[in-house]
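Hi everyone, thanks for making time. Have a look at the slide first, and then I'll walk you through what I found.

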Amino acid sequence: MILFGRVRMLLLRTIAYLIDSFILFILVIAGFQSFLLITGLHPFIGRHLYSISGNELHIWLFASIIIPVYMYFVTMFNTRAQATLGMRAARLQINTPGRIGIGGAMLRALIMLVPWELTHIALSYPKPFWVHHHLQSPLLYIALSLTCLYWLLPLLNLHGKSIHDFITGTIIIRWHMPSIKKP
């Protein structure tokens, strides 16, 4: 029965993450990147793909994807609800002895995004992935392994904690709306 509860929580966390990923895709990729392309402000417009260096690609990915995604998670974790929009939809929230605070929110988001950043580094160096087909990079395997660990760890401990939960001293709980008392 305990394992079923952990599987259920992991499923809810996964649903919340997928909702957040969809929101971030719409805002960051479809929204922000499209805006830059349409307005001509995208730094790679008019350049041949093979002229873009690994450094340029990595800086662009970091500035235009990692930072906005990081800010989304930090902002949402630090709200009164202590939950992202996806977590709210799945009725989950971060539980801590007190409030998570900005420092805890920053650390939690930073740890969560390590596999993303490792993937971006692996796809950018030594040359962008479309120039030098290095999808066999050890960093990609490390990022994939970390992602699997992030998802499997909650099944292997009593409180369903992942790496970022252990490091920040948080736990994800079901959020139940307070009942409305009728007069």
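**A walk along the chain**

Let's begin with P126, which sits in the loop between α5 (114-124) and α6. Helices here are DSSP runs of H or I with at least four residues, strands are runs of E with at least two, and both are numbered from the N terminus. P126 is joined to Y125 by a cis peptide bond, with omega at about 0°.

Before going on, a word about the source. This is a predicted model, so to speak: local features need pLDDT of at least 70, side-chain atom pairs count only at pLDDT 80 or more, and totals for chains, interfaces and linings use all residues. Residues are numbered from 1 along each chain as its sequence is written, and side-chain values use heavy atoms, leaving out hydrogens and water.

What does W130 touch, leaving aside its neighbours within four places in sequence? It is in contact with L49, Y50, I52 and L57, where contact means heavy atoms within 4.5 Å. Now compare W130 with L152: they are 22 residues apart along the chain, and their C-alpha atoms are separated by 32 Å.

Okay, zooming out. How many helices and strands does the protein chain have? The count is seven helices and two strands. Reading from the N terminus, the order is α-α-α-β-α-α-α-α-β. The C-alpha atoms fill a box of roughly 65 × 40 × 25 Å along the principal axes. There are 183 residues in the protein chain, and 40% of them count as buried. Buried means under 20% relative accessible area, exposed means over 50%, and partly exposed is in between, with a 1.4 Å probe and protein chains only. If you take contacts with a separation of 6 or more, 66% of them are between residues 24 or more positions apart.

Next, helix α2, which covers residues 54-77. Its 24 residues should span 34 Å at 1.5 Å a residue, and its end C-alpha atoms are 32 Å apart, which agrees. The expected span is 1.5 Å times one less than the number of residues. α2 also bends, by about 35° at F62; the bend is the angle between axes fitted to the seven residues ending there and the seven starting there.

Phi of Q82 is near 50°, which is positive even though Q82 isn't a glycine. Is Q82 buried or exposed? It is buried, because its relative accessible area is 6%.

R91 also has a positive phi, about 60°, and R91 is not a glycine either. You'll find R91 in the loop between α3 and β1 (92-95). R91 counts as partly exposed, because its relative accessibility is 28%.

Last stop: G160, in the loop between α6 (138-152) and α7 (163-168). G160 counts as buried, because its relative accessibility is 15%. Where does L10 come in? L10 is 150 residues from G160 in sequence, but the two are 7.6 Å apart in space, C-alpha to C-alpha. Not counting residues up to four places away in sequence, G160 touches R6, R13, P154 and D165.

That's my tour, so over to you for questions.
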